[in-house]
Amino acid sequence: MIRLYDTIEPNVIDEELLKLAVEEQGPQEAAGQVAKQEGINFKDVKSLQLDFQNLSFNNIETIEGLDTLVNLEDLSLFSNRIAKMDAMDSLVKLQVFSIGNNMIDNLLNVIYLRRFTYLRSLNLAGNPICDDEEYKLFVTAYLPDLVYLDFRLIDAHTRELGDAKYQYSIYELKHRENQIQAKLEEEQATIAELEKHKAAYVEYLNGPFLFDSLYSEDVEAAKLAYLPGVPELLETYKTKFVEICQNIFDYGLVQQEKRKAEVAIFYECLEEALQENRKQGLKEVEDFDKIYTAYLNTIRNSNDIQFVDTKMSECAEEISRLFDRLMTLEMQLVEQLEETINNFERNIIDMVGVFVENVQGLMAQCRDLENHHHEKLLEISINTLEKIVKSEFDEDLPDDVRALFSDKDTVVNAVGASHDIHLLKIDNREDDLITNVTSWCTATVDKVHNDELDRNRKRVKEINQYVDHLQTDLDNMDFGDLLD
């Protein structure tokens with residue numbers, strides 16, 4: 001039997017197709033027009049049908065392009081050419097999934113759906129796997145939380161039979177899943193910890209990472225390590241170097257917590273000031289509203305045009321006084337926040353300055369260790385050269401190492417090149433740390449100033465618009481009866 005869509009070119013799930021489908025299935029009135037104008041946020045989509053239709057030709061072969069639909073609960077891919085269920089990992093809230101009338105022919109593919117913990121209704125009717133006599137038992141066993149299969153309620157007897165038939169396979173599968181989940185959680189914890197270290201600007205300083213990087217591209221050091229006494233010298237150097245790096249790391253984490261606390265305290269003070277100012281502003285508006293309402297009632301109930309003019313002038317003066325009081329409150333807040341922001345800026349700059357100064361001191365210790373190691377290594381290398389020249393050196397050396405000891409210049413240059421590489425790596429790590437923490441400091445302070453500037457502009461605009469509205473309402477009052 002040839003199905004209609006077998007003669008139609010396959011389609012691809014892309015942003016354009018998703019947009020078209022959402023627009024067709026979404027609201028069609030004013031809300032739909034607004035969505036089209038402002039653009040579709042796929043994160044808001046909870047239900048989507050990509051069924052085969054003569055109109056849109058959703059003749060889909062591969063599931064793809066659904067990554068942005070993170071809140072999707074109901075998905076229909078009914079009547080397409082799909083042979084495999086995959087690439088839906090981001091649909092973590094999926095509850096209803098219809099993929100009937102497709103080309104899925106492997107029961108094992110159902111196992112992919114185990115990741116969707118909220119999945120309760122599944123339609124696979126019309127796929128080749130449905131012809132397998134174990135179809136229902138397999139699906140109900142491997143998807144134990146499923147309630148409906150192919151639009152039918154899964155009965156207890158079918159579930160029991162499936163559990164009994166596949167219990168050992170599922171036990172092994174759960175064991176593997178648990179191992180994978182544990183590994184995933186471990187990886188996520190590692191990533192989270194690294195992000196914490198990066199936020200403190202001391203990533204990879206809690207161990208031999210920086211020390212190992214000194215030698216990762218140092219060809220000469222690898223050769224010199226063959227010399228007698230150098231392995232022991234190198235081990236001593238590494239122990240002391242790593243200890244200093246750990247000190248920087250520990251100190252960095254402590255300082256990061258202090259910076260976070262300083263920022264948190266600042267924003268608490270900021271919010272308290274804003275809340276108090278809003279409270280005072282609302283009180284001013286409430287008090288004025290009573291006066292304003294009384295004036296309007298008096299004006300409306302009067303037949304004396306001269307009296308009305310007087311009261312309107314008085315009301316306009318009240319509006320002007322309200323404007324002055326609200327602007328005074330705003331100016332008081334600006335002055336208060338300016339002092340708070342300036343104190344915060346001084347504190348955070350001082351904290352970062354102290355941090356940088358102490359890190360520079362610790363990095364200087366790393367350079368001192370490198371200089372000391374360099375001197376000792378050079379001394380060993382020169383002594384080795386002298387012994388080789390006098391034929392007093394009995395150790396076996398690889399040919400490329402022995403080639404270094406052709407003359408003194410070659411030895412000195414090799415040791416010097418190694419030393420230069422190490423110092424450059426130390427300098428670069430120090431520069432990175434200082435640049436990053438200084439940039440954070442600047443960005444944080446700039447944001448605080450810019451946010452306050454934006455807030456002030458917005459508040460002044462609100463006050464002006466509110467007062468203008470009051471005055472406009474007053475000016476536009478209907479006095480037709482008085483004029484008659």
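Let's start at F344, which sits in helix α8. Keep in mind that this is a predicted model. Is F344 buried or exposed? Its relative accessibility is 3%, so F344 counts as buried. The cut-off for buried is under 20%.

What does F344 touch, leaving out residues up to four places away in sequence? The list is E262, V263, F266, T444 and V448. Now a distance for scale. From F344 to H469 is 125 residues in sequence. In space, C-alpha to C-alpha, the two are 38 Å apart.

Stay with helix α8, and turn to charge. Helix α8 covers residues 305-389, and R367 is in it. R367 forms a salt bridge with E430. The closest N and O atoms of that pair are 2.8 Å apart. Where is E430? E430 lies in helix α10, residues 408-475. The pair is 63 residues apart and links distant parts of the chain. E430 has 7% relative accessibility, so this glutamate counts as buried.

How many salt bridges does the structure hold? The count is 20. Some of them form a network: E330, E452 and R455 are linked that way.

Two more pairs from the set. Take K165 and E134 first. They form a salt bridge, with the closest N and O atoms 3.9 Å apart. K165 lies in helix α4, residues 156-199. E134 lies in the loop between β4 (121-123) and α3 (135-142). These parts are 31 residues apart in sequence, so the pair ties them together. K165 itself is partly exposed, at a relative accessible area of 44%.

Next, K260 and E257. Here the closest N and O atoms are 3.7 Å apart, and the pair forms a salt bridge. Both residues lie in helix α7. They are 3 residues apart, about one turn of the helix. Buried, exposed or in between? K260 has 47% relative accessibility and counts as partly exposed. E257, at 42%, also counts as partly exposed.

That brings us to helix α7 and its packing. Helix α7 runs over residues 230-300, and helix α5 over residues 209-216. Their axes come within 8 Å. At what angle do they cross? Roughly 135°. Angles over 145 would count as roughly antiparallel, and 65 to 115 as roughly perpendicular. The two helices are therefore oblique to each other.

Which residues make the contact? From α5, they are L210, F211, D212, L214 and Y215. From α7, they are L234, Y237, K238, F241, V242 and C245. By type, the α5 and α7 contact has 9 nonpolar residues, 2 charged and no polar.

Last topic, the strands. There is an open sheet of 6 strands, with mixed pairing. In what order do they come? The order is β1-β2-β3-β4-β5-β6. β1 (47-49) and β6 (152-153) stand at the edges. Each edge strand has a single partner, so one side of each is left without a neighbour in the sheet.

β5, residues 148-149, runs antiparallel to β6, and 2 bridges join them. What is the bridge partner of Y148 in β6? The partner is L153.

To recap: F344 is buried in helix α8. E430, also buried, forms a salt bridge with R367. Helices α5 and α7 cross at roughly 135°. And β1 and β6 stand at the edges of the sheet. That's my part; over to you.

Conventions
Residues numbered from 1 in each chain as written. Predicted model: local features only at pLDDT ≥ 70, side-chain atom pairs only at ≥ 80, totals over all residues. Heavy atoms only, no water. Axes fitted to C-alpha atoms, helices over the stretch in contact; angles between N-to-C directions. Helix = DSSP H or I, 4+ residues; strand = E, 2+ residues; numbered from the N terminus. Parallel < 35°, antiparallel > 145°, perpendicular 65-115°, else oblique. Contact = heavy atoms within 4.5 Å. Nonpolar A, V, L, I, M, F, W, Y, C, P; charged D, E, K, R; others polar. Pairing = 2+ DSSP bridges. Salt bridge = Lys/Arg side-chain N within 4 Å of Asp/Glu carboxyl O. Buried < 20%, exposed > 50% of the residue type's maximum accessible area, 1.4 Å probe, protein only.
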